[in-house]
Amino acid sequence: MRRVAIMADETGWHTRQLQAALRARGAVGRTVDLADCRIDTGAAWHGLVIPGFGRELPDAVIVRGIAGGSFEQVTRRLGILHALRELGVPVYNDARAIERSVDKSMTSQLLAAAGVPTPPTWALESPAQAQQLVMRESAAGHALVLKPLFGSQGKGLQLVGRVDGEHRPLPALERGYGSVAYLQRFVAPLADPGFDWRVLVVAGRALTAMRRVSRHWVHNVAQGARCEPAPLEPALARIAEDAARVLDIDYAGVDILPAREGPALQVIEVNGVAAWHGLQKVTPFNIARRLVDDLLDRKLGELRRARDGARRA
Ligand SMILES: Nc1ncnc2c1ncn2[C@@H]1O[C@H](COP(=O)(O)OP(=O)(O)O)[C@@H](O)[C@H]1O
Ligand SMILES: [Mg+2]
């Protein structure tokens with residue numbers, strides 16, 4: 001029987017969904033907190049201890065949540081995921097892809113360099129340069145969104161620059177922003193209430209989408225946005241798939257805004273540890289099952305073929 005570690009810092013609806021989907025495939029999912037996984041070079045040949053797996057390694061790992069912590073703690077936790085991959089355990093999503101998506105500035109740079117439409121974005125550390133940038137954008141009539149570099153759920157977002165005809169300066173960045181100015185040009189809503197799209201891409205294919213609708217310009221479900229089903233129009237599917245391909249990620253929740261100026265669709269964010277509770281409500285199939293099927297059928301299969309190939313060579 002396949003034994004899968006679900007890395008999560010808390011158990012709840014998502015971990016239960018994944019466990020049920022694994023059970024339906026004759027596999028077993030065990031929830032493990034990455035903070036409890038250890039390196040112990042004497043414990044087993046591979047030097048890892050994954051609670052609940054004894055001296056063995058899981059057959060696969062699903063990353064459902066990584067708690068925040070000190071730089072050292074998060075680096076160590078990601079290090080465990082890197083080690084698992086190096087040991088041949090499929091990790092879904094892979095630590096490298098999680099790093100590319102969690103760091104919003106890396107996502108922006110990769111999308112821009114690959115020509116995937118995304119608003120003009122800056123990430124810098126010099127407070128003087130950041131102030132200058134905000135002044136310049138403000139003078140040109142633009143508002144900018146200041147975001148925590150590793151933020152999620154719409155927390156900590158602020159508008160700066162030209163907002164409602166007035167200039168809003170950049171706040172101090174030590175608190176809440178880790179002394180990094182990650183700034184993205186504000187894409188004004190097309191309607192009132194405004195909305196964005198969340199598209200789920202699995203194995204390169206856009207599978208389902210919703211509109212997140214709210215009066216407030218931050219359209220996260222966690223901030224009270226309402227979820228509405230949205231047809232997967234070809235252009236919407238294409239830009240979401242392009243974003244996932246650029247990040248080389250197994251599955252992703254892609255945030256997309258409609259825009260009046262520039263490209264009609266613009267990618268705002270790619271989530272590598274995406275929640276799907278809201279999306280499930282407007283999706284006719286079970287999302288956890290699709291993820292588990294993709295992991296067991298494609299990802300594990302790819303690994304086996306690679307191993308067989310190496311053995312034959
Ligand atoms: N550049 C932007 N222009 C307009 N709205 C934005 C912009 N960036 C973010 N938002 C709004 O804020 C939400 C949260 O931003 P996002 O970058 O996805 O961060 P988080 O990781 O917190 O979800 C988006 O879904 C969107 O509704
Ligand atoms: Mg988002």
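Is P171 buried or exposed? P171 counts as exposed because 12 C-beta neighbours lie inside 10 Å; by the criterion applied here, a residue is buried if 20 or more other C-beta atoms lie within 10 Å of its own, exposed if 12 or fewer, and partly exposed in between, with C-beta atoms placed from the backbone. The structure is a predicted model, in which local features need pLDDT of at least 70, side-chain atom pairs count only at pLDDT 80 or more, and totals for chains, interfaces and linings use all residues. Residues are numbered from 1 along each chain as its sequence is written, while chains are lettered from A and ligands numbered from 1 in the order in which they are written.

P171 is placed in the loop between strand 10 and helix 6 (174–177); helices (H or I, at least four residues) and strands (E, at least two) are DSSP runs, numbered from the N terminus. Eleven residues separate P171 from V160 in sequence, and their C-alpha atoms are 8.5 Å apart in space.

The protein chain is assigned domain 1 (3–92), domain 2 (121–185) and domain 3 (190–282), with bounds that come from an automatic or database domain assignment. A distance of 28 Å separates the C-alpha centres of domain 1 and domain 3. Contact between these two domains involves seven residues of domain 1 and four residues of domain 3, two residues being in contact if their C-beta atoms, placed from the backbone, lie within 7 Å. On the side of domain 1 that touches domain 3, four residues are nonpolar, two are polar and one is charged. In this classification Ala, Val, Leu, Ile, Met, Phe, Trp, Tyr, Cys and Pro count as nonpolar, Asp, Glu, Lys and Arg as charged, and the others, Gly among them, as polar.

Ligand 1 is surrounded by 21 residues, of which Q184, V187, V218, H219 and E269 are the closest; a residue is near a molecule or strand if its C-beta atom, placed from the backbone, lies within 6 Å of it. Two or more residues of this shell are given by each of strand 8 (143–147), strand 15 (251–258) and strand 16 (265–271). By class, the shell around ligand 1 comprises nine nonpolar, seven polar and five charged residues. Domain 2 (121–185) and domain 3 (190–282) each contribute at least three residues to the shell.

Helix 5 (residues 127–139) contains 13 residues and spans 18 Å from its first C-alpha to its last, close to the 18 Å expected at 1.5 Å a residue; the expected span is 1.5 Å times one less than the number of residues in the helix. A130, V134, E137 and S138 are the buried residues of helix 5. These residues lie on the same side of helix 5 because they cover an arc of only 100° around the axis, the arc being that of the directions from the helix axis to the C-beta atoms. Exposed residues on the other side of helix 5 are A128, Q129, R136 and A139. The packing partners of the buried residues of helix 5 are strand 7 (121–124), strand 8, strand 9 (158–163), strand 10 (166–168) and strand 11 (181–185). After helix 5 comes G141, with a positive phi near 90°.

Backbone geometry was also examined in the loops. The peptide bond joining Y92 and N93 is cis, with omega about -10°, and N93 lies in the loop between strand 6 (91–92) and helix 3 (95–102). A cis peptide bond also runs from D192 to P193, where omega is near 0°; P193 is located in the loop between strand 11 and strand 12 (194–202). Q153, a residue other than glycine, has a positive phi near 60°. Q153 is situated in the loop between strand 8 and strand 9 and counts as exposed, with 11 C-beta neighbours inside 10 Å. For A203, likewise not a glycine, phi is positive and near 50°. A203 belongs to the loop between strand 12 and strand 13 (205–214) and counts as partly exposed, with 16 C-beta neighbours inside 10 Å.

D33 occupies the loop between strand 2 (28–32) and strand 3 (38–39) and is partly exposed, with 16 C-beta neighbours inside 10 Å. When residues up to four places away in sequence are not counted, D33 touches A8 and D9.
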